[in-house]
Amino acid sequence: MHNLFHSITTVRFISIAMILVTITSIMMACQKEIDIKIPNEPSRLVINAQWEQNRLFSARISRSVSVNEPIRFNEDRFTVKNALVLVKQNNIVVDTLRWDSARAGYFTIRNRRTGLNASYGIEVSAPGFPSASAVSTMPAVITRPTAITIRRNVRTGSNNELLSEIAVTIRDNPGADFYLLRFKTAFGQPFDCIFSTESEIEKIEIDNPLEPNPCFRGDRILFTDRNFNSNERTLLFYTNDSNLAEFDDAPTQTKKRPWLECLYINESYYRYIKSSSAYEGINGNSLAEPVNVTTNVNGGYGFFTTFTQAIDTLRR
């Protein structure tokens, strides 16, 4: 009886082993090695320029990089230094930007500044590259917030930290408007974290989009006027009171305070900020859904935009 049980067990073991060997052989037979050759994408010009009202013309010009090309950081071999950069205002060439090695960019040679109620274009050509161009219309003058009210240490955060409230009241103009708020400390750095539950604010660059009280990056508060077009709206924000700190600047004998930059931007810039934030949010995650960063450059890459802004100090 013992020998019979042993024989049956041995047969079962051998059968299972043969099945596994057979399955493995079939799977190996179904495998096929394929060499994928990624074509080299021709390098194109990259234009990056963001022009505020009454600001001198300037731009950064570089070139795109193929996926097959090794990238080494801390070098400027991707910067294009021999480009011809023309600036148009209302379709008329008004300036040429010249390379400045000290400032590592292209700058006006005629001390021309942006104005209001105008369309701007930038056209770039350089040896070995297709020409690239982009256009942007300067938005209307933004109205300063009608009120900014600060109440200190009015609530407690999730980590039991004290948070101060910043109430920003905006009087919206007729028509579709796109806003960008940038909260800066007295040292000029963006607030490291600012909380808000306002439904208008785009939930970008936050760890959990479903978080009921998300923490936003202080320089990317993005929203539209779709819920308050042509009306007044007060938005509430909360931040660590340390972001509102002031200090006395001895060299200038002035008191430095935090401030708020309120920008009117165009729709294409709005989409660009959203897409670039989504791209940065991937943070090298190979399993994340790919993100194409918005570009408005014809024949190349990058982004060119114009905007108006108003700046107010934050007095606690």
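1. The largest pocket holds about 870 Å³ of space. Here a pocket is an open set of points on a 1 Å grid over the protein atoms alone, where a 1.4 Å probe fits, with protein on both sides within 12 Å along at least five of seven lines; the volume is the space filled by probe spheres set on the points. This is a predicted model, with local features needing pLDDT of at least 70 and side-chain atom pairs pLDDT 80 or more, while totals for chains, interfaces and linings use all residues. Numbering runs from 1 along each chain as its sequence is written, and side-chain values use heavy atoms, without hydrogens or water.

2. As for the lining (an atom within 4 Å of a point), it has 22 residues, and Ser64, Val65, Tyr279, Val293 and Tyr301 are the closest to the pocket centre. Strands E1 (45-52), E2 (58-63) and E18 (301-313) and helix H2 (267-282) each give two or more residues. H2 gives the most, with four. Helices (H or I, at least four residues) and strands (E, at least two) are DSSP runs.

3. Look at Val124: leaving out residues up to four places away in sequence, its contacts (heavy atoms within 4.5 Å) include Leu45, Ile47, Ile61 and Val85.
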